[in-house]
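Subject: Structure handover

Hello,

Please find the structure below. My notes on it follow, sorted by region.

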Amino acid sequence: MEMEELNQELFGSSDSDSESVIDLITHSYPRETSHEQPRMPASDRQDDPIFHSIMDSSFERGDTDDQQQDHRRPVHSSHPHIPGLVLHTHVLTHLDQSRLMEQITEHNFFKGGQQNQAMCFGPKELIWIQELESRLWETGVLDEPYCASSWTARMPLFDQSIMNLYQPGEGIKPHVDLARFDDGIVIVSLVSGINMDFYPALKPMSPNDPPQGDDRSKSGNTSSIDNSSASSGMMSRVSACNTTLKTSPCIAPEPHSQRPAFSVRLEPGSVVTMQGAARYEWEHGIQEVTEDETSPGEYVKRQIRVSITLRKMRQQAWEVGGLNSHPGALKNGVADRT
Ligand SMILES: O=C(O)CCC(=O)C(=O)O
Ligand SMILES: [Fe+2]
């Protein structure tokens, strides 16, 4: 079956029942992966919330607006007030998203919704990173001036990916990504939209900070989230509560001392790139709310969302304790956080 037909089945057909779509997701097109990771049995996918979010989401129903979006060219909008922050819309088509979601679902990274975060290291296991990278180049996301060649020329471009699953009402605390990561961070939004908020960092970071971070990140309101923590591959909801890495309804949200300075609407298929000031001097976060204001007085209910963050570890970060000190994290590219 051609990919277009698959996409039509997945997203454009109103009468396809779950069984047939599950079957399509399981078997329909050849996989380039050599992953040894255990796959989710097709029968279990019927209970998989990610799968259901695909089934329920508006773009999967083939809404006219969403269909049209597929034919729109990518638009790159540099933020007028946050240097280095660029929103790239209409980057991933429904087909791109469906392929990524298929891989994520198939590898059961979120354990049927029991875990809300999964991490992979190294380029080998990350077929979606290769696909994403190609798409980011093809669509001009990684071009100057949005992304500086000082980091886009590095090899590999990304060696870590983190996938976040957000149920409606979940968010992520405002933070500056850890110093162990290089400049140039990419966040890809899948399945449904969300508002991301930006706050001037109370304690800005710099590319020259020690890669392991310092005590500054442990105090004050600026959080430097170790959702990348090299010690882990997966973060369970329980550990999320214990570590406050990613906020979850089971802990009281800590309000940020500031109101967001700016909010950016991240539609599915859009990409955010952060470099320079946007990466080091601004915090980004997602509030724990069930609906987002998309224009004055207009609110949109949240649905399940999945994001993929692509980053590159700094060389010094490997030296001070990267994967070598956490061999478990390497197994199959992911490991349970314990
Ligand atoms: O899910 C998102 O859009 C943001 C994720 C994020 O900030 C991170 O992984 O550091
Ligand atoms: Fe982040």
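Strand β7 (residues 194-200) has 5 of its 7 residues buried, so it is largely enclosed by the rest of the structure. Bear in mind that this is a predicted model.

β7 has partners in two strands. It runs antiparallel to strand β9 (residues 262-266), with 5 bridges joining them; in that pairing, D197 stands opposite S263. Strand β11 (residues 282-286) also pairs with β7 in the antiparallel sense, over 4 bridges. There, Y199 has E283 as its bridge partner.

Next, the ligand. There are 11 residues around ligand 1, and those that come nearest are I162, N164, I187, S307 and T309. Two strands, β4 (160-166) and β14 (305-311), each supply at least two residues of this shell. By type, the shell around ligand 1 consists of 5 nonpolar, 5 polar and 1 charged residue.

Last, helix α6 (residues 94-106). Its 13 residues should span 18 Å at 1.5 Å a residue, and the C-alpha atoms at its ends are 17 Å apart, which agrees. Because 10 of the 13 residues are buried, α6 is largely enclosed by the rest of the structure. Among the buried residues of α6 are H94, D96, R99 and E102, along with L100, M101 and I104. Just after the helix, N108 has a positive phi of about 55°.

If you set up calculations on this, which residues come nearest to ligand 1? They are I162, N164, I187, S307 and T309, as above.

Regards

Conventions
Residues numbered from 1 in each chain as written. Chains lettered and ligands numbered in written order. Predicted model: local features only at pLDDT ≥ 70, side-chain atom pairs only at ≥ 80, totals over all residues. Buried ≥ 20, exposed ≤ 12 C-beta atoms within 10 Å, placed from the backbone. Pairing = 2+ DSSP bridges. Near = placed C-beta within 6 Å. Nonpolar A, V, L, I, M, F, W, Y, C, P; charged D, E, K, R; others polar. Expected span 1.5 Å × (residues − 1).
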